[in-house]
Amino acid sequence: MRKIIKPCGLHCIKVNHLGVTLGGQEILKDINLHIHCGSLNAIIGRNGAGKSTLIRAILGDIPHSGNIEFKDSENGRIQKLKIGYVPQSLNIEKQTPVSVYDMIAAYQSNVPVFAVKSHKQRERILEHLQVFEAEYLIDKQVCNLSGGELQRVMLSMAIMDEPNLLILDEPVSGIDQNGMELFYKTIYQLKENYDLAVILISHDLEYVKRYADKVVLLDGTILKQGNVKEVFSSGEFTRVFGKKEEI
């Protein structure tokens with residue numbers, strides 16, 4: 001198994017004055033975030049609030065103003081930020097003859113996986129699948145995975161390069177209640193036991209309430225951020241969702 005690295009609390013990701021304008025329309029304005037390792041940060045808001053745009057900007061998929069930096073607060077060094085990403089969905093055609101091993105090995109290597117089968121690589125993939133109780137899926141065809149199984153495989157891929165930041169974009173959409181419970185418990189264990197920060201986009205306010213360390217309420221800009229109680233009991237939350245949540 002991969003060695004567990006307890007969150008040190010010394011690393012942080014800073015998003016400074018980030019803005020996004022697309023087609024002459026300002027989508028995001030003056031986004032400032034300070035995210036520490038070992039924390040689960042939930043981004044919530046109405047549809048069209050710019051949540052996915054923010055993720056795309058952090059990933060570098062779209063142009064933006066402002067900057068994003070990764071700092072080691074022990075000595076102030078600025079390093080390159082490594083990001084793991086699990087998208088909302090992955091479109092895979094039925095009957096695609098690609099196994100979980102093939103998909104992860106292809107993602108990790110420039111060598112055609114059908115040409116070289118590496119025992120060492122297989123062991124490494126198994127090791128990361130075990131983190132999410134998914135090692136039994138290694139030889140299963142990707143097209144035959146359930147939503148929950150695919151999600152756990154994607155999480156395994158996302159942490160293989162030991163990212164500083166793990167981004168999860170609505171990862172539980174289409175997954176049943178048991179799958180959602182397992183997912184949130186797994187993410188909680190991940191952020192408790194690995195030296196990384198987690199950003200989660202979610203519409204599941206009950207789960208956000210139970211598991212998030214920090215909540216960011218977004219609507220083109222940040223309306224409110226803080227712990228669950230601070231955000232869910234705020235006037236900004238009531239204006240967006242039409243009600244206050246019991247904490």
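Asp-30 lies in strand β2, which covers residues 25-36. The phi of Asp-30 is near 50°, a positive value in a residue other than glycine. The model is a predicted one.

**Positive phi values**

- Most residues other than glycine have a negative phi.
- Asp-30 has a relative accessibility of 41%, so this residue counts as partly exposed.
- Glu-133 is not a glycine either, yet its phi is positive, at about 55°.
- Whereas Asp-30 sits in strand β2, Glu-133 is placed in the loop between α3 and α4.
- Glu-133 counts as exposed because its relative accessibility is 53%, and the cut-off for that class is over 50%.

**Helix α3**

- Helix α3 runs over residues 119-131 and has 13 residues.
- At 1.5 Å a residue the helix should span 18 Å, and its end C-alpha atoms are 19 Å apart, so the two values agree.
- The buried residues in α3 are Ile-125, Leu-126, His-128, Leu-129 and Val-131.
- These buried residues pack against two other helices, α2 (100-108) and α4 (147-158).
- Glu-133, with its positive phi near 55°, follows α3.

**Aromatic pairs**

- A pair of aromatic rings is described by the distance of the centres and the angle of the planes.
- The count for the model comes to 6 aromatic pairs.
- Phe-232 and Phe-237 form a stacked pair, with 4.8 Å centre to centre and 25° between the planes. The pair counts as stacked because its angle falls under 30 degrees.
- Phe-232 has a relative accessibility of 0% and therefore counts as buried.
- Phe-237 is likewise buried, with a relative accessible area of 0%.
- Phe-237 also pairs with Phe-241; this pair is tilted, at 4.7 Å centre to centre and 40° between the planes.
- Phe-237 and Phe-241 both belong to helix α8 (residues 235-241), and because they are 4 residues apart, about one helical turn separates them.
- One aromatic cluster is made up of Phe-183, Tyr-184, Tyr-188, Tyr-207 and Tyr-211.

**Second largest pocket**

- Rolling a probe the size of a water molecule over the atoms shows where empty space is left.
- The second largest pocket has a volume of about 170 Å³.
- Its lining consists of 10 residues. Those nearest the centre of the pocket are Ile-58, Ile-68, Lys-80, Leu-81 and Ile-83.
- Helix α1 (51-59) and strand β4 (65-72) each supply at least two residues of this lining.
- Strand β4 gives the most to the lining, with 3 residues.
- By class, the lining of this pocket has 6 nonpolar residues, 2 polar residues and 2 charged residues.

Technical notes: Residues numbered from 1 in each chain as written. Predicted model: local features only at pLDDT ≥ 70, side-chain atom pairs only at ≥ 80, totals over all residues. Heavy atoms only, no water. Phe/Tyr/Trp six-rings, centres within 6.5 Å; stacked < 30°, edge-to-face > 60°. Buried < 20%, exposed > 50% of the residue type's maximum accessible area, 1.4 Å probe, protein only. 1 Å grid on protein atoms, 1.4 Å probe; cavity = no way out; pocket = protein on both sides within 12 Å on 5 of 7 lines; lining within 4 Å. Points joined across faces, edges and corners; volume = space filled by probe spheres on them. Nonpolar A, V, L, I, M, F, W, Y, C, P; charged D, E, K, R; others polar. Expected span 1.5 Å × (residues − 1). Contact = heavy atoms within 4.5 Å.
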